[in-house]
Each structure stands twice: as C-alpha cells, then as structure tokens.
Amino acid sequence: LRARLEIAAAAEITGLGEVAFQGRVTPSEFFLEGKAAVGIAGFTFDFAASIAVADSGFAVALSSEVDLWIAVASFSGTVSSENGLNVTAAIDVNFLGVLML
C-alpha cells in the first residue's frame, strides 16, 4: 500500500496567540509537530511539541523558550525508544549586550 496524508494549519487564536501544526501519516510512519507563541504578562512564550512513531521506534519532544529582556529561559525534553529520557533547562543572561552563559 502506497498512501500518504499530509496536514498543515496555522491560526491566530484570540487570547492565546499564534498556533501552527503540520504532520504526515504513511503506512509505516506517523509524525505531528506543533508550535504556539503565547503572550503571558507581557512576555511571549514559544512552545513546540512533536511526536514521531515508525517501525523503528518512537520519539516525543517538548520545548519552551521565553525572552525575559535580560535573559532567555528555555526548557526541552525528549523521550524516545532509542535514547530514553533527556531533559535540559537553561537560563542565558544578557548583560549590557553581552551574552553570559
């Protein structure tokens, strides 16, 4: 069987922000990813999520980032059948135009 379905959409949701997703489905694979930019208390939080399932295994990823003017805070996490669970969090500080890691 040779079939493929691809989907994509984007919208501006009042009170939430911009959202978008895309994906594909084939007889041996399912993939979907989504992104959202959400305004909260004057800051824009960028969220992303994805899921992939295939004959070889699966992977799920989540991430978020927000620019706080003097720092960028980020979080990401993945879980997969190959690598298990991985989580990363970081705060990059920008002092007088110099990025401090």
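Is R4 buried or exposed, and what is its relative accessibility?

Guide: R4 is exposed, at 53% relative accessibility. Buried means under 20% relative accessible area, exposed means over 50%, and partly exposed lies in between, with a 1.4 Å probe and protein chains only. The model is a predicted one: local features need pLDDT of at least 70, side-chain atom pairs count only at pLDDT 80 or more, and totals for chains, interfaces and linings use all residues. Residues are numbered from 1 along each chain as its sequence is written, and side-chain values use heavy atoms, with hydrogens and water left out.

Now place R4. R4 sits in the segment before β1. The strand names come from DSSP runs (E, at least two residues; helices are H or I, at least four), numbered from the N terminus.

Look at the partners of R4. Its side chain meets that of E6 in a salt bridge, 2.6 Å from N to O. The rule asks for a side-chain nitrogen of Lys or Arg within 4 Å of a carboxyl oxygen of Asp or Glu. Both E6 and R4 are exposed. Setting aside neighbours within four places in sequence, R4 contacts R24, V25 and T26. Contact here means heavy atoms within 4.5 Å. P27 is 23 residues from R4 in sequence, yet their C-alpha atoms are 7.6 Å apart.

Follow two of those contacts. Start with R24. R24 has a salt bridge of its own, with E29, and the closest N and O atoms are 3.1 Å apart. R24 is partly exposed because its relative accessible area is 25%. E29 is partly exposed too, at 24%. The structure has two salt bridges by this rule.

Next comes V25. V25 lies in strand β2. Its relative accessible area is 36%, so V25 counts as partly exposed. V25 belongs to a nonpolar surface patch, along with L5, I7, F21, F30, I51, V53, F58, F75, V79, L85 and V87. Together these residues have about 1000 Å² of accessible area. Two or more patch residues come from each of β1 (5-13), β2 (17-26), β4 (43-54), β6 (71-80) and β7 (84-95). Patch members have over 30% relative accessible area and no salt bridge; nonpolar side chains (Val, Leu, Ile, Met, Phe, Trp, Tyr) are joined within 5 Å, and like charges within 9 Å. The areas come from the Shrake-Rupley method with a 1.4 Å probe, and for residues only the protein chains shown count as cover.

Go on to β4. β4 and β5 run antiparallel, joined by 10 bridges. Strands pair if DSSP finds at least two bridges between them. A hairpin of two residues links β4 to β5. A52 has A59 in β5 as its bridge partner. A59, in turn, stands opposite S80 in β6.

β5 and β6 are also antiparallel, with nine bridges. L62 faces G77 in β6. Three residues lie between β5 and β6 in their hairpin, and W69 in the turn has a positive phi of about 70°. In a regular strand, side chains alternate between the two faces of the sheet.

Stay with W69 for a moment. W69 is exposed because its relative accessible area is 64%. Aromatic pairs come next, and the structure holds two. The ring centres of F43 and W69 are 4.6 Å apart and the planes meet at 45°, so this pair is tilted. F43 is in β4 and W69 in the loop between β5 (57-67) and β6, so the pair ties together parts 26 residues apart in sequence. The other pair is F45 with F47, which is stacked, at 6.2 Å centre to centre and 15° between planes. Rings of Phe, Tyr and Trp (its six-membered ring) pair if their centres lie within 6.5 Å; planes under 30 degrees apart are stacked, over 60 edge-to-face, the rest tilted. F45 is partly exposed at 22%, and F47 is partly exposed at 35%.

Finish at T88. T88 is in strand β7. Its 47% relative accessibility makes T88 partly exposed. Beyond four places in sequence, T88 touches S74, F75 and S76. F75 is one of the patch residues. T88 and R4 are 84 residues apart along the chain, with 34 Å between their C-alpha atoms.
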